[in-house]
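Please keep the sequence and the structure in view while reading.

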Amino acid sequence: MAPPPRIDGGGGGEGQPQQQQAGFGKSITGIIRVAVFWYFASKFFSPKKPITGTDQPSLQIFNLFHKGETLDTWFYLSENEKFNDFSNEAALVWHETNIPYAVWGPESTRSISLKYYPSEALKHNGSLYAHVFFARSGYPPDPNDPEYEPLAAFGRTHPIVMYLPKSKADKKRSLLDSKGSGEGDAVSEVVEDAQLDSKDDGPVEWVSYWKPNITVNLVDDFTKYTQNAVPPNIAPYLNVEPSTGNYYPTIFFNEFWLLRDKLIQINETVTELPLHLEVGPISMTKWQLFLQVDQSFQIHRSYGSMLEGEADELKRVFLEGNPYLLVITMVVSLLHSVFDFLAFKNDIQFWNKNKSMEGLSAKSVIVSFACQLIVFLYLLDNDTSWMILGSSGVGCCIEFWKIGKAMHIEIDRSGRIPMLRFRDRESYAGNKTKEYDDLAMKYLSYVLFFLVACSSIYSLKYERHKSWYSWILSSLTSCVYMFGFIMMCPQLFINYKLKSVAHMPWRQMTYKFLNTIIDDLFAFVIKMPILHRLSVFRDDVIFLIYLYQRWKYPVDRKRVNEFGFAAEDVDPALASSSSEETAPLLKEEEEKDDKKTK
């Protein structure tokens, strides 16, 4: 059933002279372009001025009411969008008097909680509207009343019932349940119905929801606007009185903090509904902030960078979170992002400059790519936002690029279908690194395969999945999530056998270790399952072992390399003797290079 019509409530060459001439010419060209653009923009997008015989000064419009002026309010509920039945006492649910306008104090905020008993029409996707009227104290809101004054009363209508698409049936099912079991039948029937609905592409079924909280705010705005130049973010909400051209106080139905899980679904079984009404002032800055944030959420949802419900989760952090904890979380999140970016930058720099795989585990690079690919496929299968999918996809491509730096990648065209062939680099296969790497992966694979099998069997038996493909992805992703630290262990074994850590990218690992400490902090301050909280500390053990190996196998920075240089200053006699020894070798290398160039 399509929803009935609604009313939105708002919510840095050559010679220096030539360079100077070129720069001056570019500046002149830029100024001309800006001038031309401003001219056409002012012609096409400026407000239309009224055509008059004489040039008149721009008219100013202002608020018809004054600050501190007392108002009376009437709150009516009706199933009709247009309301004129002011004599119906049953429709009037709330009346307040002497409310000071735009005065900040307890007397300017009024509230009431009541029960509403829905009609049969409302239970069957009917509509209900709130009609709110304000008037100067002593004046009625009814236009038919003899004492009615048009410049003294104003109002606005807002729907209390909103319509949302009916949530789709859960497509997950227990893959081991036979069709004979009752629970398996119920789940499979729901899945089949949902699949049929999606295949038929029939009309979307809408469900009515009740808003349990209605907050009416009067905007504290006494700005004098130019009649034909009202800011575009304010003009749609300005209630202008036609005879004078001035505007009434802006009524804002504040639903910014009304979360979706607070809505109440209306059906035949509902007999009464709670309703909390509140009237109060709101500043111009706060009102515009709410509108801009809501508009930003809508733009992100339209671009696919935010899913439905993520805006509510963000609002919930501000509603239910401790403010001090919220500030700490924001600072820690910022540090986490900075360290994550620095680790990513140094990782790219390390692998881009690395020319030898001696001491580095190539198997770990392959396993890391496999894990990243599994996570990407899992996110793709679970309808994740495009921003997260893009980030995961870029990470997957970078991990594959690292394989190209760690191994030789060739295209085998001998068969019908071209295949990728991976071949070890000479710096990796020509020393003990490959032997130790193969030995470490051999034993770790036994442990990993056992854990994967146990986790997959548990998931198959006790959890529900959309399909066998979803079960495989979910099981592999869970293993990556829980046992991903195992892929770091081969490097520990290689370091132990080589008794050296000079080949390690320590700058990148330092940033990752700082991120791990931040994750530990999050584990204490954020609510999460016990297993997830324990899994956060798994990387700490690995990094502590790395730190122990760095202390156990220190790098001799005073050792002179084959070119006669050292990382730190050493005895000149030692450096000169080393240079004398390496001079013939360097001369031979230079002669070889000259022959090649000739």
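Which residues line the largest cavity? Ile99, Pro100, Tyr101, Ala102, Ser108, Leu218, Val279, Gly280 and Pro281 form its lining. The model is a predicted one, in which local features need pLDDT of at least 70, side-chain atom pairs count only at pLDDT 80 or more, and totals for chains, interfaces and linings use all residues. Residues are numbered from 1 along each chain as its sequence is written, and side-chain values use heavy atoms, with hydrogens and water left out.

**The largest cavity**

A cavity is a set of points, on a 1 Å grid over the protein atoms alone, where a 1.4 Å probe fits but cannot get out; its lining residues have an atom within 4 Å of a point. The volume of the largest cavity is about 30 Å³, a volume being the space filled by probe spheres set on the points, which are joined across faces, edges and corners. Strands β3 and β13 each contribute at least two residues to the lining, and β13 gives the most, with 3 residues. Helices (H or I, at least four residues) and strands (E, at least two) are DSSP runs, numbered from the N terminus. By class, the lining residues comprise 7 nonpolar, 2 polar and no charged. Here Ala, Val, Leu, Ile, Met, Phe, Trp, Tyr, Cys and Pro count as nonpolar, Asp, Glu, Lys and Arg as charged, and the others, Gly among them, as polar.

**The nonpolar cores**

A nonpolar core is a set of buried Ala, Val, Leu, Ile, Met, Phe, Trp, Tyr and Cys residues joined through side-chain atoms within 4.5 Å. Buried means under 20% relative accessible area, exposed over 50%, and partly exposed in between (1.4 Å probe, protein chains only). The largest core has 33 residues, of which Phe75, Phe134, Trp210, Ile214 and Val216 touch the most other members. Strands that each supply at least two residues of this core include β2 (70–78), β5 (129–136) and β9 (213–220). The most, 4 residues, comes from β13. Another core, of 13 residues, lies apart from it and has Ile61, Leu238, Phe256 and Ile282 among its members.

Beyond residues up to four places away in sequence, Phe134 has contacts (heavy atoms within 4.5 Å) that include Ala152, Phe154, Val216, Ile251 and Val279. Phe133 is likewise found in strand β5; with a relative accessible area of 14%, Phe133 is buried.

**Aromatic pairs**

The whole structure holds 21 aromatic pairs. Rings of Phe, Tyr and Trp (its six-membered ring) pair if their centres lie within 6.5 Å; planes under 30 degrees apart count as stacked, over 60 as edge-to-face and the rest as tilted. The rings of Phe369 and Phe400 have centres 5.5 Å apart and planes at 55°, so this pair is tilted. Because Phe369 lies in helix α7 (residues 362–381) and Phe400 in helix α8, the pair ties together parts that are 31 residues apart in sequence. Phe65, Phe134, Phe154 and Tyr248 are linked into a cluster by ring pairs.

**Accessibility of selected residues**

| Residue | Relative accessible area | Class |
|---|---|---|
| Phe369 | 18% | buried |
| Phe400 | 30% | partly exposed |
| Asn98 | 45% | partly exposed |
| Asn125 | 17% | buried |
| Lys402 | 8% | buried |
| Ser470 | 7% | buried |

**Individual residues**

Lys402 is part of helix α8 (residues 386–406). Not counting residues up to four places away in sequence, Lys402 touches Asp347, Trp351 and Val365. Ser470 belongs to helix α11 (residues 468–483) and, leaving aside neighbours within four places in sequence, is in contact with Asp381 and His465. Ser470 and Asn382 are 88 residues apart in sequence and 8.9 Å apart in space, C-alpha to C-alpha.

Most residues other than glycine have a negative phi. Asn98, placed in strand β3, has a positive phi of about 55°. Asn125, in the loop between α2 (120–123) and β5, has a positive phi of about 60°.

Technical notes
1 Å grid on protein atoms, 1.4 Å probe; cavity = no way out; pocket = protein on both sides within 12 Å on 5 of 7 lines; lining within 4 Å.
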